[in-house]
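Load the model in your viewer and keep the selection tool ready. The stops below go one at a time.

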Amino acid sequence: MNNSDIFVGLDIGTTSIKVIIAEFVKNQLNIIGYGNTGAAGLNRGVIVDIDQVVASVKDAVKQAEQRANIDISDVTVGIPANMLQIEQCHGMIAVSEEDGSAKEITEDDVRKVTQAALVKNLPPERTVIDVIPDEFTVDGFDGIKDPRGMVGVRMEMQGVMYTGPKTILHNTKKCVERAGLNVSDIVVAPIALSQVALNDGEQDFGAIVVDLGGGKTTAAVVHDHKLKYTYLDQEGGDYVTRDISVVLNTSIENAEMLKRNYGYAMSSLASDEESFPVQVVGRQEPEKVTEEYLSEIIEARLRQIFEKLASALEQINAFQLPGGVVLTGGMAALPGVAELAEEIFQVQVKVYIPQEINLRIPSFTQVIGLVEYATKQSEIDLIVKQTLGSARSRRKKMPSQQNGNSQPEQKPVTKPKKNNHPNEQKKSQKSSEEGFGYKLKHMFDNFFD
């Protein structure tokens, strides 16, 4: 059974499905079990065959449970950034007594102002995936992170709303439930990724995280500890493998093995003398191929992916952020990938590799980020998420009715706050700074206007 100190992350990727079981003890996250299995039933990060995905999820969960020697029931699931839209939301309610006098703000009031912020006309095919509160305002006093216990007449909430295709959310939840699990939390994948791939300064002043996945490549711009922009390219590591297979006339399995064992992202770093045998379709004897020739095939596709990312990111001036670019994901393990990206992006580039024992490969970054994210949420974050979950349930049961200010049926969240969010540091000092640093820090202030 799960307990309050156990967190489980589930990453449903195009080429693999990963599960992490971790315990949170003395402000330290310890991974006690993990599972990793090949994925089937997904195309470019989107579920296309529920039965196949369910079988893969069960397999990965079983592996993790056996390693951790624990049965799990609740999981935090990542949602891909496909067709993700990011916008600000605002809600305002009266919290005064019947006679108009001020009253103490409670959790119910936080739920009500969240519901007010969720009132938005969305197309029928889209839904709210997540809402992250930025600040609360009580009777004109802003910058409040937790208004509970304060006295006021009027309360407002400013936050960031993430919306996406209803199909992706529904199919993901359906797969998890059919695998015998309960979805305890839903997280936009790039947000979870940034929790571990970026340090506090990079999240604060701004950086770009590029997830080089098997089925797709995702770039995310993080600034002021918030996800501000995402770009998704439908080409990933699978395309590199297919290129190798076609050019060398070998099977997909052989091409993947060659990529992992002999490939370089930048051909100038590979040897033109070192060669290896390649089993060619229709021939009994293998052919000799040099590292340089293989790497030229790999570089051609990666260069195309990076150039498309560069074009999209240049349009929003993202390369002006001081944090540069951080690469992670399965393809980030290729030697020379940082050098190639740096040549194209013309900014500082580094590769993030998790440091957890047995998981020191970039492909595990996202699932580790899911459990990290789960441990760092404050009580207010959890109340807002619970309200969002209740709102989804009501819309599903009563689509023709408005949410209004009705209270959710679930009980208040009482989970203890485990970590202070780094965004709660002094903002007044930063707002008084001037010059180039100030402009970079606030370059996205009007991003949603």
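**Before you start**

This is a predicted model: local features need pLDDT of at least 70, side-chain atom pairs count only at pLDDT 80 or more, and totals for chains, interfaces and linings use all residues. Residues are numbered from 1 along each chain as its sequence is written, and side-chain values use heavy atoms, with hydrogens and water left out.

**Stop 1: salt bridges**

A salt bridge here is a side-chain nitrogen of Lys or Arg within 4 Å of a carboxyl oxygen of Asp or Glu. That rule gives 25 salt bridges.

Select Asp 233 and Lys 308. Their side chains form a salt bridge, 2.9 Å from N to O. The two partners sit 75 residues apart and link distant parts of the chain: Asp 233 is in strand S16 (residues 226-233), Lys 308 in helix H8. Helices (H or I, at least four residues) and strands (E, at least two) are DSSP runs, numbered from the N terminus.

Buried or exposed? For Asp 233, check the relative accessible area. Asp 233 is buried, because that area is 3%. Lys 308 is partly exposed, at 30%. The cut-offs: buried is under 20% relative accessible area, exposed is over 50%, and partly exposed lies in between (1.4 Å probe, protein chains only).

Next, select Lys 120 and Glu 87. This salt bridge has an N to O distance of 3.0 Å. The pair also links distant parts of the chain, 33 residues apart: Lys 120 is in the loop between helix H2 (107-118) and strand S9 (126-138), and Glu 87 is in strand S7 (residues 85-94). Lys 120 is partly exposed at 38%. Glu 87 is buried at 19%.

Move to Asp 109. Its salt bridge partner is Lys 103, with the closest N and O atoms 3.1 Å apart. Asp 109 has 5% relative accessibility, so it counts as buried.

Now select Glu 107, Asp 108, Arg 111, Asp 146, Arg 148 and Glu 379 together. Salt bridges link these residues in a network.

**Stop 2: positive phi**

Most residues other than glycine have a negative phi. Select Asp 139, in the loop between S9 and strand S10 (141-144). Asp 139 is not a glycine, yet its phi is positive, at about 50 degrees. It is partly exposed, at 33%.

Then jump to Gln 346, in the loop between helix H9 (337-345) and strand S20 (349-351). Gln 346, also not a glycine, has a positive phi of about 60 degrees. With 64% relative accessibility, Gln 346 is exposed.

**Stop 3: the cavity**

How many cavities of 30 Å³ or more does a search of the whole structure find? The search finds 1. A cavity is a set of points, on a 1 Å grid over the protein atoms alone, where a 1.4 Å probe fits but cannot get out; lining residues have an atom within 4 Å of a point. The volume of the largest cavity is about 70 Å³, taken as the space filled by probe spheres set on the points, with grid points joined across faces, edges and corners.

Select the lining: Ile 12, Leu 42, Gly 45, Val 46, Ile 47, Gly 78, Pro 80, Thr 167, Ile 168, Asn 171 and Thr 172. H3 gives the largest share, 4 residues.

**Last stop: Tyr 293**

Select Tyr 293, in helix H8 (residues 291-314). Tyr 293 is partly exposed, at 38%.

Technical notes
On a 1 Å grid over the protein atoms alone, a cavity is a set of points where a 1.4 Å probe fits but cannot get out, and a pocket is an open set with protein on both sides within 12 Å along at least five of seven lines; lining residues have an atom within 4 Å of a point.
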